[in-house]
Every structure is written in C-alpha cells, then in structure tokens.
Amino acid sequence: QVELVESGGGLVQAGGTLTLSCEASGSILGIRDMAWYRQAPGKERELVAIARSGGIVNYADSVKGRFTISRDTVQTATLQMNLLNPEDTAVYYCKAEGIAAMSVFYNELWGQGTLVTVSS
C-alpha cells in the first residue's frame, strides 16, 4: 500500500522560511505529478504549486517568487517557502497523481496534511 507522508510544518514568524517534504512510501516505480495544496480556516483547498512530468512547474499567483517546488527523487517532493506571511497560514497537503507501484496503480493520493502557522 502506498501512502504520502508530509513533514516540515510548524510555527514561523513573518518573513521566515519553512521547507515541507512529501514522500511516497512503498515500492514506487514512478509518479507523474506531485503538488502541494493548502487549506486555510474557513476557505476552500487551493493549489499552491505543482511539478508535472517533464519538469513543468506551476505556482499560484500568491506564492510566485516566494515558494519553490522540486522533485528530489521519483517519490519525493519538496516545497521551499520563503518570505512567509500570515496569509500563508494553512494546512498544507501533498497530492500525487499517476502513481505506479509494484503491481498496483493509483490515479491520485493525498497526504494527511501538515500545519503551517505564520505569526505576525
């Protein structure tokens, strides 16, 4: 069984930096796309950044120039977050699409979420 495990959330002051990591457990053969979403209190979940196969990356306008998504290995993704502000406070979720593992394929998987809190 494949799961996505996130780490790296926490409390940081405005202007600070955090790095989130996401790793797909299990015997992974390949993952097409990996992305980070976030959901702030009282708001809908929104896409923050996505790293597609072929090296294409896209960012939400609100994080462009501050956040960087990278695919470090076939089964991991990192979100480097700089110049954080209180509006970035949210639960951040990792999502993977097109996951090929030993004898099983998943269309998509979500992680459990990690809380990022930015204080002013």
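Two strands are taken to pair if DSSP finds at least two bridges between them, and the close-up views below, all drawn from a predicted model, begin with one such pair.

**View 1. Strands β7 and β8 as an antiparallel pair.** Strand β8, which covers residues 76-81, is joined to β7 over 5 bridges, and the two pair in the antiparallel sense. Within this pair, F67 stands opposite M81 of β8.

**View 2. The open sheet of 4 strands.** The strands follow the order β1-β3-β8-β7 and their pairing is antiparallel. The edges are taken by β1 (4-7) and β7 (67-73), each of which has a single partner strand, so one side of each is left without a neighbour in the sheet. Between neighbouring strands of this sheet the turn is 15 degrees on average, with direction ignored.

**View 3. The disulfide formed by C22 and C94.** A search of the whole structure finds 1 disulfide, and in this bond the sulfur atoms of C22 and C94 are 2.0 Å apart, which lies within the 2.5 Å cut-off for a pair of cysteine sulfur atoms. The pair links distant parts of the chain, as C22 belongs to strand β3 (residues 18-24) and C94 to strand β9 (residues 90-101), with the two cysteines 72 residues apart.

**View 4. Handedness and burial of the C22 and C94 pair.** Because the torsion about the S-S bond of C22 and C94 is about -80 degrees, the disulfide is left-handed. Both cysteines are buried, C22 as well as C94.

Key: Residues numbered from 1 in each chain as written. Predicted model: local features only at pLDDT ≥ 70, side-chain atom pairs only at ≥ 80, totals over all residues. Heavy atoms only, no water. Buried < 20%, exposed > 50% of the residue type's maximum accessible area, 1.4 Å probe, protein only. Axes fitted to C-alpha atoms, helices over the stretch in contact; angles between N-to-C directions.
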